[in-house]
Amino acid sequence: MGLFKHDARVIKFDVLRKAADLAYAGELTEEKMNAYYKDLIPGTKANYRCCVYKEREVLRQRGRLVRGLMANDVEKNNPKQIVQVIEAACDGCTIKKVLVTDNCRKCMAKSCVGSCNFGAISMGENRAVIDYDKCKECGACTRNCPYHAIVLTERPCKSACPVDAIRWNEDGIAVIDENKCINCGRCVASCPFGAIEDISWIVPVIDDIRAGKKMIAMVAPAIQGQFEGVSLAQIKQGIKELGFYDVVEVALGADAVAKEEYAELKKHKADGVPMTTSCCPGFVNMAKIHYPDVYKKNVSTMVSPMMARAKMVKEEHPDAEVVFIGPCLAKKQEAMEEHTSVDYVLTFEELAAMFISKHIYLKDYEGENGAVWEASVHGRNFAQGGGVSKAVIQVAKEAGEDGITAYYADGAQECKKQLLLMKVGRFNYDILEGMCCEGGCINGPCGISDAMDVRKRMNAENVNMKETIGETLSKVKFDEMGLHLHTNK
């Protein structure tokens with residue numbers, strides 16, 4: 001869903017913009033943020049919660065995340081747990097999983113009562129009544145009601161999580177199991193109240209820009225089409241106006257990854273072992289945490305395109321700080337791994353907030369035409385579902401090899417299914433491309449435009465790109481940088 005079609009995301013954006021305003025002015029304090037929350041929600045009339053005081057507390061906790069802090073004033077902090085629950089926003093989601101609706105006729109068969117093995121259902125004055133102290137949420141009553149009057153209603157965050165990492169505490173507040181969470185952001189995207197959000201690094205990035213540090217931005221391929229009516233060249237120029245020394249494309253790293261994954265795939269094929277791609281950190285986390293045998297045996301040992309491009313930047317500018325800009329939350333966690341060359345990660349939401357804070361209007365710029373053709377169209381298409389494996393196959397074709405087969409797992413649930421098939425030896429393709437976001441990175445949880453619009457704009461801008469992956473990579477010396485192996489296995 002686009003940024004400005006979701007009220008919770010608009011409010012999050014307002015807080016990001018205000019934090020950027022104050023950070024650029026060197027005046028960011030908790031007191032000034034708290035004063036802003038009162039300006040944002042004035043008077044005594046609440047819009048979404050029971051009272052304005054609850055709404056301001058939600059903003060305060062959201063503001064803590066924007067400043068890189070834990071939302072809920074807790075002392076314990078796992079910096080790699082990027083996704084956090086805003087308790088003040090979550091406590092309004094008190095729905096029960098099993099509910100008796102008005103369709104109940106209080107029938108004589110009492111099928112619901114007879115099917116419950118826990119004595120949790122009885123007949124009330126007007127309809128069946130559930131004793132939630134006894135209910136085990138097994139669903140037997142819903143299956144046996146002849147009127148379908150008893151329904152199962154799962155909380156959106158719970159139903160969206162592919163790895164069962166969300167549970168409830170005694171107060172009904174969502175709790176994230178950090179040992180299971182893959183930081184894919186599916187819960188963030190699904191919560192209608194924005195009660196699950198990501199920790200932001202927007203403040204330290206702005207602080208370092210103000211301090212005059214050499215900051216180089218790397219834009220994810222999915223940035224094309226995020227801003228309506230402007231080209232990639234205009235976006236790059238706008239980012240430079242924020243104070244960045246230079247802006248480069250991660251798509252060039254994607255070209256390098258495609259070439260090296262093809263080389264690795266040949267070894268896998270010779271051994272009769274299928275291989276997965278390494279692009280999506282949520283997918284890699286899923287394999288690493290929940291399918292460790294598959295991770296060791298099948299997951300590509302290539303770094304992600306983000307890491308590959310960052311290493312190129314560090315080779316050329318060892319004194320620079322590297323900032324990845326993309327639609328993905330899991331990239332923030334990936335940027336803290338041992339093999340990282342990335343200093344910070346910003347989302348498209350955070351970038352847009354910085355643009356507005358600095359009064360930068362992308363349509364005002366002509367763009368730098370010489371920087372547009374940095375990568376191939378195949379590298380840029382890593383942002384779209386299926387684009388990663390297609391790029392690997394493209395490298396094979398350029399090398400004169402045909403017949404490579406690939407399967408694209410579209411979304412986290414499909415990734416889980418295909419990893420399970422791979423685990424039991426029933427995956428019958430050469431390559432498994434996994435993307436936790438349906439449609440690929442263009443549908444990431446922190447995108448600012450609808451994925452279909454982004455796809456159309458990307459394809460229109462890239463329609464005349466004809467350069468092969470080999471031709472693109474002939475311009476850089478990535479072979480000498482040791483990009484093909486990481487050390488996290």
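Angles between N-to-C directions under 35 degrees count here as roughly parallel, those over 145 as roughly antiparallel, those from 65 to 115 as roughly perpendicular, and the rest as oblique. The structure is a predicted model, in which local features need pLDDT of at least 70 and side-chain atom pairs count only at pLDDT 80 or more, while totals for chains, interfaces and linings use all residues. Residues are numbered from 1 along each chain as its sequence is written, and side-chain values use heavy atoms, with hydrogens and water left out.

Helices (H or I, at least four residues) and strands (E, at least two) are DSSP runs numbered from the N terminus. Helix α11 covers residues 251-271, which is 21 residues. The distance from its first C-alpha to its last is 30 Å, close to the 30 Å expected at 1.5 Å a residue; the expected span of a helix is 1.5 Å times one less than its number of residues. G272 follows α11 and has a positive phi, near 70°.

Two packed helices are described by the angle between their axes and the distance between the axes. Helix α11 packs with helix α18 (residues 387-398) at an angle of about 75°, and the two axes are 8 Å apart. Axes are lines fitted to C-alpha atoms, for helices over the stretch in contact, and angles run from 0 to 180 degrees between N-to-C directions. The helices α11 and α18 are therefore roughly perpendicular to each other. In this contact (heavy atoms within 4.5 Å), A258, K259, E261, Y262 and L265 of α11 meet V388, A391, V392, V395 and A396 of α18. The contact residues comprise eight nonpolar, no polar and two charged. In this division Ala, Val, Leu, Ile, Met, Phe, Trp, Tyr, Cys and Pro count as nonpolar, Asp, Glu, Lys and Arg as charged, and the others, Gly among them, as polar.

Four strands in the order β10-β9-β12-β13 make up an open sheet with parallel pairing. Its edge strands are β10 (246-249) and β13 (344-347), each of which pairs on one side only. Neighbouring strands of this sheet are turned against each other by 25° on average, direction ignored. Two strands count as paired if DSSP finds at least two bridges between them. Strand β9 (residues 215-219) is joined to β10 in the parallel sense over four bridges, and to strand β12 (residues 321-326), also parallel, by five bridges. On the β10 side, I216 has D246 as its bridge partner and V219 has E249. In β12, I325 stands opposite V219.

Strand β9 is mostly covered, with five of its five residues buried; buried means under 20% relative accessible area, exposed over 50%, and partly exposed in between (1.4 Å probe, protein chains only). In a regular strand the side chains alternate between the two faces of the sheet. In β9, M215, A217 and V219 point one way and I216 and M218 the other way, and all are buried.

A further open sheet has three strands in the order β11-β15-β14, again with parallel pairing. Strands β11 (275-276) and β14 (406-410) stand at its edges with a single partner strand each, so one side of each is left without a neighbour in the sheet. Five bridges pair β14 with strand β15 (residues 431-435) in the parallel sense. Y407 stands opposite L432 in β15.

Helix α3 (residues 52-66) has 15 residues, which should span 21 Å at 1.5 Å a residue, and its end C-alpha atoms are 21 Å apart, in agreement. This helix is mostly covered, 12 of its 15 residues being buried. Among the buried residues of α3 are E55, R56, R60, R62 and R64. The buried residues of α3 pack against α1 (7-24), α2 (30-40), β1 (83-85), α4 (87-90), β8 (196-198) and α9 (202-210). G68 follows α3, with a positive phi near 85°.

Most residues other than glycine have a negative phi, and most peptide bonds are trans. H148, which is not a glycine, has a positive phi of about 55°. H148 lies in the loop between α6 (140-144) and β5 (150-152) and counts as exposed because its relative accessibility is 60%. H359 has a positive phi near 55° and lies in the loop between α16 (348-357) and α17 (377-380). At 59% relative accessibility, H359 counts as exposed.
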